[in-house]
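Thanks for coming, everyone. Let me put the structure up so that we can walk through it together.

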Amino acid sequence: MKEKLIALLSGLLFGLGLGFSQMIDRQRVLGFLDVAGAWDSTLLFVLGGAVTVTVIAFRFVLRLPHPIFADKFNLPTKKDIDKPLVIGAAIFGIGWGICGYCPGPGITALVLRNWNPILFVVAFVAGSLTYKNLSEK
Amino acid sequence: MANVNWVTALIGGVLIGLSATLLLAFNGRIAGISGIVNGAIAFSKQEVWRWIFILGMLLGGILYEYGLASQPTPTATLTPWAMIIGGFLVGFGTRMGSGCTSGHGVCGLGRLSMRSLVAVITFMMTAILTVFVVRHLLQLSI
């Protein structure tokens, strides 16, 4: 129960953050990625602000013997820079550049009552399941 | 276009950082949205928290847009093919590359992960390149 409350609260802060930063405005995101056009630099402060908090806070958090409400930290175990990592990230970037949504903003933008995020989320799930099926063969 | 200056962008970023910190400190989980969604659509019982997180994101979006926003977020004209092709590639690529802007960007860089740094540099480069091709070479407005 406590863990579920944290998940709700954490999700709420995340959605609020995506709203304030206007990452849910895909034209703004595309404007940030358009370095050769009228470059909109404000989104640098989003990643900058978020990463500054995590770099500092995670140092302390990861020194805890275990998370406050859980037995252990669920962290990625892979360490090597392999082909799926690089090719996958490259494909993700191409998709991001085409639609202006990465997963978080695409989902949060569902509240804007517009068809674009709905189509994005459906296509995202289809793409994810396609890779899953291909990689399990 | 909404007049968002660097202060609101920074506030937004800090909120996202706090969200990731909260989830890691209390639940030991990484706030990577692509990973949370991929786990959620597996529909297993231990993973209910992922749906609750997604519900929280939507509530946060509603609270911002219909409560706190100084002006409505602009919604661009409908571009169905950009959403379908772009969304598919985002889903495929983030599953293959084990993360997106939040998992590799906000959390991975926070853990000083070399894999995440490589991923972030790679997807930023291909995203910038794609926008360059779409906007300046093909001159499409999507």
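One caution before that. This is a predicted model.

So, chain A. It has 6 helices and 0 strands. Read along the sequence, the pattern is α-α-α-α-α-α. The C-alpha trace of chain A spans about 50 × 40 × 30 Å along its principal axes. Chain A has 137 residues, and 53% of them are buried. Now take the contacts in chain A between residues at least 6 apart in sequence. Of those, 45% join residues at least 24 apart.

Next, the two chains together. How many residues of chain B are in contact with chain A? The count is 99, and they meet 95 residues of chain A. On the chain B side, the elements giving two or more residues are helix 1, helix 2, helix 3, helix 4, helix 5 and helix 6. Helix 1 of chain B supplies the largest share, with 21 residues. What about the classes on that side of chain B? There are 61 nonpolar, 32 polar and 6 charged residues.

Let's look at helix 5 of chain B, residues 101-110. Is this helix mostly covered or mostly open? Mostly covered: 10 of its 10 residues are buried. Among them are Thr101(B), His104(B), Cys107(B) and Leu109(B). What covers the buried residues of this helix? Part of the cover comes from chain A, including helix 3 (43-61) and helix 5 (103-108). Chain B contributes too, with helix 1 (6-27), helix 2 (33-40) and helix 6 (114-137) among the covering elements. Just after helix 5 of chain B, look for Leu112(B). Leu112(B) takes a positive phi of about 55 degrees.

Last stop: a helix pair in chain B. Two packed helices are described by the angle between their axes and the distance between the axes. Helix 2 and helix 3 of chain B pack at about 125 degrees, with axes 8 Å apart. The two helices are therefore oblique to each other. Helix 2 of chain B passes helix 3 of chain B in a left-handed crossing. Which residues make the contact? From helix 2 of chain B, they are Ile36(B), Gly39(B) and Ala40(B). From helix 3 of chain B, they are Arg50(B), Trp51(B), Phe53(B) and Ile54(B). By class, this contact has 5 nonpolar, 1 polar and 1 charged residues.

That's the tour. Over to you.

Key
Residues numbered from 1 in each chain as written. Chains lettered and ligands numbered in written order. Predicted model: local features only at pLDDT ≥ 70, side-chain atom pairs only at ≥ 80, totals over all residues. Buried ≥ 20, exposed ≤ 12 C-beta atoms within 10 Å, placed from the backbone. Helix = DSSP H or I, 4+ residues; strand = E, 2+ residues; numbered from the N terminus. Contact = placed C-beta atoms within 7 Å. Nonpolar A, V, L, I, M, F, W, Y, C, P; charged D, E, K, R; others polar. Axes fitted to C-alpha atoms, helices over the stretch in contact; angles between N-to-C directions. Parallel < 35°, antiparallel > 145°, perpendicular 65-115°, else oblique. Left-handed = near helix turned anticlockwise from the far one by under 90°.
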